[in-house]
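Welcome, and please have your viewer open with the selection tool ready.

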Amino acid sequence: SDIVHAFGYRAAWACAEAFGSKEAWVYSAYDLPKTTHPELIDRLERAQFGVASCEAVRRSLRESLLDDVRVVTPGVRDLAATKTRDLMRAELGIPESAPLVGAFGRFVAERGFGSLLDSMETLWARQPDSRLLLSGEGPERETFEAQRSALSRPDQVTLRPWLDSAPDIIEACDLIVVPSKRQGFSMLAAESMRLGQTVLLRRTGGLPELVDERVSGFLFETDSDLGDTAAGLLQSPLTLGVVGNAAHVRAEDRFDPTYAAEQVLEGYRELI
């Protein structure tokens with residue numbers, strides 16, 4: 001190969017060990033680094049340049065004196081559901097008329113799913129028939145199962161393994177929530193917006209960069225805000241529809257995969 005592209009910090013570490021500063025290699029930093037330890041920064045410095053998924057990731061790396069870090073927002077391909085909303089809900093065992101919150105991802109503490117489960121009590125106080133669909137796998141699954149069982153309406157929370165068709169699941173929901181406590185870019189949020197779905201994101205890391213607040217998406221500040229914010233949105237279907245349409249327009253413009261590829265390709269041309 002003439003150029004090696006390392007996706008993620010672990011891959012970048014391996015490339016730094018294998019190539020040092022003598023070969024043409026670059027890295028992509030999709031998420032905020034868990035550490036800015038000098039050993040990691042030293043290895044990232046050996047790359048020709050870095051590609052950050054958002055400004056928050058670039059700021060985090062540049063604060064550690066990494067100079068050539070470029071922002072390339074990941075692209076999202078055209079998506080379409082293969083099943084109707086009613087059919088997908090029937091397969092999931094969720095009533096057609098129940099307000100449904102969806103959240104998907106790896107079951108680890110930093111993704112904030114524990115906070116989302118706790119917020120359901122607040123949501124039920126205002127929307128008693130609301131449901132939560134939580135899909136994924138990971139080391140915290142048993143913890144989340146126990147947390148679900150302790151809720152006042154555990155039968156209104158569905159925990160599922162990874163589901164095959166993301167567009168079908170997204171379309172079945174009324175609101176997609178990303179409660180992560182630290183995150184750079186959220187592909188779930190970007191795909192949901194591309195499908196015209198309203199997203200509710202924690203105001204942290206790079207998540208606020210995904211939306212124009214209250215125009216193409218919504219943000220919440222703290223765990224205590226989550227339930228009330230979600231309830232207010234579910235009680236306003238018109239708002240969800242209008243903001244979902246705006247989200248689709250923003251996603252088509254901001255998450256264009258052809259444009260993202262061209263930006264990375266331009267970096268390759270510079271090296272060649």
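The largest cavity has a volume of about 40 Å³. Keep in mind as you look around that this is a predicted model. The count comes to one cavity of 30 Å³ or more.

To see what surrounds the largest cavity, select S53, C54, T73, F185, G206, E209, L210 and R254, which line it.

Next, select helix α8, residues 187-194, and helix α10, residues 237-254. Two packed helices are described by the angle between their axes and the distance between the axes. Here the axes come within 7 Å and cross at roughly 115°, so α8 is roughly perpendicular to α10.

Which residues make the contact? On α8, show A190, M193 and R194; on α10, show A247, H248, R250, A251 and E252. The residues of this contact divide into four nonpolar, one polar and three charged.

**Stop three: a salt bridge**

Select R46 and E17, which form a salt bridge with their closest N and O atoms 4.0 Å apart. Now trace the chain from each partner: R46 lies in the loop between α2 (38-45) and β3 (49-52), while E17 lies in helix α1 (residues 9-19), so the pair ties together parts that are 29 residues apart in sequence.

Note on methods:
Residues are numbered from 1 along each chain as its sequence is written. This is a predicted model: local features need pLDDT of at least 70, side-chain atom pairs count only at pLDDT 80 or more; totals for chains, interfaces and linings use all residues. Side-chain values use heavy atoms; hydrogens and water are left out. Axes are lines fitted to C-alpha atoms, for helices over the stretch in contact, and angles run from 0 to 180 degrees between N-to-C directions. Helices (H or I, at least four residues) and strands (E, at least two) are DSSP runs, numbered from the N terminus. Angles under 35 degrees count as roughly parallel, over 145 as roughly antiparallel, 65 to 115 as roughly perpendicular and the rest as oblique. Contact means heavy atoms within 4.5 Å. Ala, Val, Leu, Ile, Met, Phe, Trp, Tyr, Cys and Pro count as nonpolar, Asp, Glu, Lys and Arg as charged, and the others, Gly among them, as polar. On a 1 Å grid over the protein atoms alone, a cavity is a set of points where a 1.4 Å probe fits but cannot get out, and a pocket is an open set with protein on both sides within 12 Å along at least five of seven lines; lining residues have an atom within 4 Å of a point. Grid points are joined across faces, edges and corners, and a volume is the space filled by probe spheres set on the points. A salt bridge is a side-chain nitrogen of Lys or Arg within 4 Å of a carboxyl oxygen of Asp or Glu.
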